[in-house]
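Okay, thanks for coming, everyone. Let's get the structure up on the screen, and then I'll walk you through it.

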Amino acid sequence: MTATTHKESKLQLLTGCGSDIALLDNGPLAGQTDSITKALQLVGIKTVKDTLSCMEKGGIVCNTGNLAGFIHGMVLTLSKTFQMVFI
């Protein structure tokens, strides 16, 4: 399991709670990890694109949070062939 935090002081807590990898989220996570098969996305629209860029092909993202700005009917274009529509 990989966990992320915005606070460096919490990295040891994450590994102490059972995370195999603890990453400091101080910007894009793309490039720091790319073998994620499942993700629980709690922040929302501002970070979902970064989360998806870390996923293995066929991976699953559960986007349950929208703390960072949610607009009904918003369309997020991730590539020429994939879009997410928030309803």
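**The pocket and its surroundings**

Let me start with strand E3, which gives the largest pocket the largest share of its lining, six residues. Strands here are DSSP runs of E, at least two residues, and helices are runs of H or I, at least four, with both numbered from the N terminus.

Before I go on, a word on where this comes from. This is a predicted model, where local features need pLDDT of at least 70 and side-chain atom pairs count only at pLDDT 80 or more, while totals for chains, interfaces and linings use all residues. Residues are numbered from 1 along each chain as its sequence is written, and side-chain values use heavy atoms, with hydrogens and water left out.

So how confident is the predictor? The mean pLDDT of the chain (that's confidence in each residue, from 0 to 100) is 77, and 74% of the residues reach 70 or more. Helix H1, residues 11-16, has the highest confidence at 94, and strand E6, residues 83-85, has the lowest, at a mean of 51.

Overall, the chain has two helices and six strands, and they run β-α-β-β-α-β-β-β from the N terminus.

Back to the pocket. A pocket, on a 1 Å grid over the protein atoms alone, is an open set of points where a 1.4 Å probe fits, with protein on both sides within 12 Å along at least five of seven lines; lining residues have an atom within 4 Å of a point. The volume of the largest pocket is about 780 Å³, counted as the space filled by probe spheres set on points joined across faces, edges and corners.

Which residues lie nearest its centre? Those are Thr2, Ala3, Thr4, Leu29 and Leu40, out of 30 in the lining. At least two lining residues each come from E1 (2-5), E2 (21-24), E3 (36-41) and H2. By class, you get 15 nonpolar, eleven polar and four charged residues. Nonpolar means Ala, Val, Leu, Ile, Met, Phe, Trp, Tyr, Cys and Pro, charged means Asp, Glu, Lys and Arg, and the others, Gly among them, are polar.

Now the core. The largest nonpolar core is made of six residues, Leu23, Leu29, Ile36, Ala39, Cys54 and Met55. That term covers buried Ala, Val, Leu, Ile, Met, Phe, Trp, Tyr and Cys joined through side-chain atoms within 4.5 Å. Buried is under 20% relative accessible area, exposed is over 50%, and partly exposed is in between, with a 1.4 Å probe and protein chains only. Across the 87 residues of the chain, 24% count as buried.

Leaving out residues up to four places away in sequence, Met55 touches Asp34, Ile36, Thr37, Lys38, Ala39, Ile60 and Val61; touching, or contact, means heavy atoms within 4.5 Å.

Val48 sits in helix H2, residues 45-53, and counts as buried because its relative accessibility is 0%.

Ser19, in the loop between H1 and E2, is also buried, because its relative accessibility is 7%. Beyond four places in sequence, Ser19 touches Met1, Thr2, Ala3 and Leu14.

How values were computed
pLDDT = per-residue confidence, 0-100.
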